[in-house]
Amino acid sequence: MQLLRRKIQLGLLASGLLLWSAALIYAAPGVLDLSFGNGGKVITPVGFSAGANSVAIQADGKIVAAGYSNGTNFGFAVVRYNTNGSLDTSFGSGGKVITPVGSFAVASSVAIQADGKIVAAGYSSNGVYSDFALVRYLADSNSNIRTRFDFDGDGGADISLFRPSNGVWSLRRSSLGISDTQFGLSTDKITPADFDGDGKTDIAVFRDGFWYWLNSSNGSFNAFQFGQAGDIPVPADYSGDGRAELAVYRGGSWFTLNLVNNQFQAVQFGNSTDKPVVGDYDGDSRADYAVYRDGTWYLLQSTQGFAAIQFGLPTDKLVPADYDGDGKTDLAVYRDGTWYLLRSQAGFTAFQFGFASDIPAPADYDGDGRADAAVYRDGTWYLLQSTNGFSAVQFGLVNDKPVPSAYLP
């Protein structure tokens, strides 16, 4: 059953002189999910006494709980669990971190930044006075698991292209160098996404209702029938489990299939002439159903519900992405070489970058958690990176398709 992580409940269980941090996860009907921990429950000793006050879910589905521990060290306590409830031993010491802050400290809230770093907030006391306390922990090397078009898992999108003439994917990976892989036909729709949940984008195509992809985690080949020939493929992580679901848009209806639990969903949202513009518009680590119609964006957000926003013209090229790094997809259009952005946190901006005939290919190329404006022109990439600035890279041929433009209508 699909887990409702919003129903995670944290509490304290007394056992003699010891207090333990505890977590429970319920399945959709309100029954304990027996696949989580021990019969749906996890109890974790942290020092002599401990309490969990806040929880956050990473993009890869791992659970971060924060509170306090009183033992050899008195301080912030942060514990990270894998999606099945086991301790994530790659985090801290055996999955736990205790951070002294003054003589006594308690973390009352925890959040995950867009770049994966963990931030805990609370108070510190010296026995007489209490002060505000804030602690930040480094992220995993691949914690920015939602970076699209990141084939090597280093947190930055890679310059990459698909050559229809021979079906070759050519990847200029930022940490592993250039690689060429023959996969697909000239008539295929390319569907790059992280289907195996390892933080790396997988090479994939959609052909007449069939999906074909290579898992980056083990190189295995996959083929699956889902959809039909005229569908628009829109794979994304709709469930928030860190893996892309197979998904298609057909005449105003969305069909998704979770490959982990085989959960199928059909949602009617839009009409036959709308353009699907999938993104995480409310920042809850789940992709939202969204369409663009004659200058208006219609969003069906998984947490914040329905919204209709007029932004753009019917002829604009749509370039939604997270340009301000707050974890939310921003409304954005490309018009005759000018970018118009309605950023969820930083507000409206417009700037000229590119020509009318360019292919826009926005992505987070410098790995700072913010999407960069980019265009592809006759074999050359022009990047306007939010941290690393401007660069021009010759990579590709005139008729190649830049992979980061795969889902742009």
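Ser 124 counts as buried, because its relative accessibility is 10% (buried means under 20% relative accessible area, exposed over 50%, partly exposed in between, with a 1.4 Å probe and protein chains only). Ser 124 sits in strand 9, residues 118–125. Strands here are DSSP runs of E with at least two residues, numbered from the N terminus. A polar atom of the Ser 124 side chain lies 2.5 Å from the backbone oxygen of Val 101.

This is a predicted model, where local features need pLDDT of at least 70, side-chain atom pairs count only at pLDDT 80 or more, and totals for chains, interfaces and linings use all residues. Residues are numbered from 1 along each chain as its sequence is written, and side-chain values use heavy atoms, leaving out hydrogens and water.

Three strands form an open sheet in the order 8-9-10, with antiparallel pairing (two strands pair if DSSP finds at least two bridges between them). Strand 8 and strand 10 (130–137) are the edge strands, and each pairs on one side only. From one strand to the next, the twist averages 25 degrees (axes are lines fitted to C-alpha atoms, and angles run from 0 to 180 degrees between N-to-C directions). Eight bridges join strand 9 to strand 10 in the antiparallel sense. Tyr 123 has Phe 132 in strand 10 as its bridge partner.

Turn to strand 8, residues 104–112, which holds Ala 111. Is Ala 111 buried, exposed or partly exposed? Ala 111 is partly exposed, because its relative accessible area is 39%. Not counting residues up to four places away in sequence, Ala 111 touches Ala 56, Lys 117, Ile 118 and Val 119 (contact means heavy atoms within 4.5 Å). Ala 111 and Ala 65 are 46 residues apart in sequence, and their C-alpha atoms are 9.6 Å apart in space.

A hairpin comes next. Strand 16 (residues 210–214) and strand 17 (residues 221–225) run antiparallel and are joined by five bridges. Tyr 212 stands opposite Ala 223 in strand 17. Six residues lie between the two strands of this hairpin, and in the turn Gly 219 has a positive phi of about 75 degrees.

Technical notes: Helix = DSSP H or I, 4+ residues; strand = E, 2+ residues; numbered from the N terminus. Polar contact = N/O pair within 3.5 Å; in protein donor to acceptor, adjacent residues only side chain to side chain.
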